[in-house]
Amino acid sequence: MFQTKVVRIGIIGLGVGRWHIESYLSIPESKVSAICDIDEDKIKSITTKYGIIRSYTSYEELCKSDDIDAVSICAPNYLHAPIAMCAIENGKHILCETPISTTSQDAEKILNVANKFPNIKAMMAMRFRFNRDAIYIKNAIKNGDVGDVYYGFTSYLKQLGRAPGKENWRMKKEFSGGGTLIDNGLYLLDLIWWMMGCPKPISAYGSTHNKLENSDTSVEDLANGIIRFENDATIMIESGWKTLIHDGNMALRVFGTKGNATLWPFRMFMEDGRNITARTADHSGIIAENQFAHFVNCIMNNKQPIPNIEQGMIVLKMLDAIYHSAKEKKVVEIR
């Protein structure tokens, strides 16, 4: 059991880190005790707005502080692995923005370090797993209501003007690890894979494209792929930063032998004899905590986080395989 009444949080990276700060401020059991960024102007802005006095320009120094219990890792992707390992080795719980690293090999290094510190809570920031409709569908699948689940489809498409700018670090592969697939696509792949029970992936086939603006960048603006699993189920994924559509679109569908379910909006249809009937989601009994409250709760009560590092590594293996398949133009095994 955690010994104090408040979990003291350090925020590393003050871009998306601002959202983390505001989220922790709404949780009575957490306190944002320190912030870290290489940009001193950002530090001054955050200090002024939220009154957080302690600040660092070095993540190593923050991780070594005795006044911090946990860190939120919100830095650019290529820094996730070194920060995560530094924090864990210094006895800090971690909540890491996705992806856990830019490659599955680096994710495995983090997992190996985390396994040496079993009391440390190491969690991925997979916010969609805390959607109550998603939890309801996952429970229905687990209970056998949908039958044998054999296919899932997910899509995350943005309009042309909603892509990151040319100078954004996300547009440089050495900093990001990839484009839209590892940025937006990862969230929905993780969600649908988790809802389907986290089956073991065995192969993938995919393609990546950069056909519109910024064709000189090193990352894709549209990608798609299909992943096959050991239980013979498949998942198809598509993700686009810059697509010529009227509005942004998120979609997720799961098909089973007894029914199917969708998100955004929620719909669920079940076979009832010869008829197809709609089902309404029953959220009673579903804990409505968000990912930040869950992280704090896991630390306070010695629970294991729902989105863990090993699962983050497996999702990255699937994405690595899609990227490899796109390059080699063939089906790629996942090991």
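Predicted model: local features only at pLDDT ≥ 70, side-chain atom pairs only at ≥ 80, totals over all residues.
**Overall build**

- Count up the secondary structure and you get 10 helices and 15 strands.
- The radius of gyration comes out at 20 Å, close to the 20 Å that the globule rule gives for 335 residues, so the protein is as compact as a globular protein of that length.
- Boxed along the principal axes, the C-alpha atoms take up roughly 65 × 50 × 40 Å.

- Of the 335 residues, 53% count as buried.
- Take the contacts between residues at least 6 apart in sequence: 71% of them join residues at least 24 apart.

**A look at helix α5**

- Helix α5 covers residues 104–115, and its 12 residues should span 16 Å at 1.5 Å a residue; the end C-alpha atoms are 16 Å apart, which agrees.
- Which residues of α5 are buried? They are Ser104, Ala107, Ile110, Leu111, Val113 and Ala114.
- For reading that list, remember that an α-helix has 3.6 residues a turn, so residues three or four places apart point the same way.
- As for what covers the buried residues of α5, the cover includes α4 (80–89) and α10 (309–328).

Technical notes:
Residues numbered from 1 in each chain as written. Heavy atoms only, no water. Helix = DSSP H or I, 4+ residues; strand = E, 2+ residues; numbered from the N terminus. Expected span 1.5 Å × (residues − 1). Buried < 20%, exposed > 50% of the residue type's maximum accessible area, 1.4 Å probe, protein only. Contact = heavy atoms within 4.5 Å. Rg over C-alpha atoms; globule rule 2.2 N^0.38 Å.
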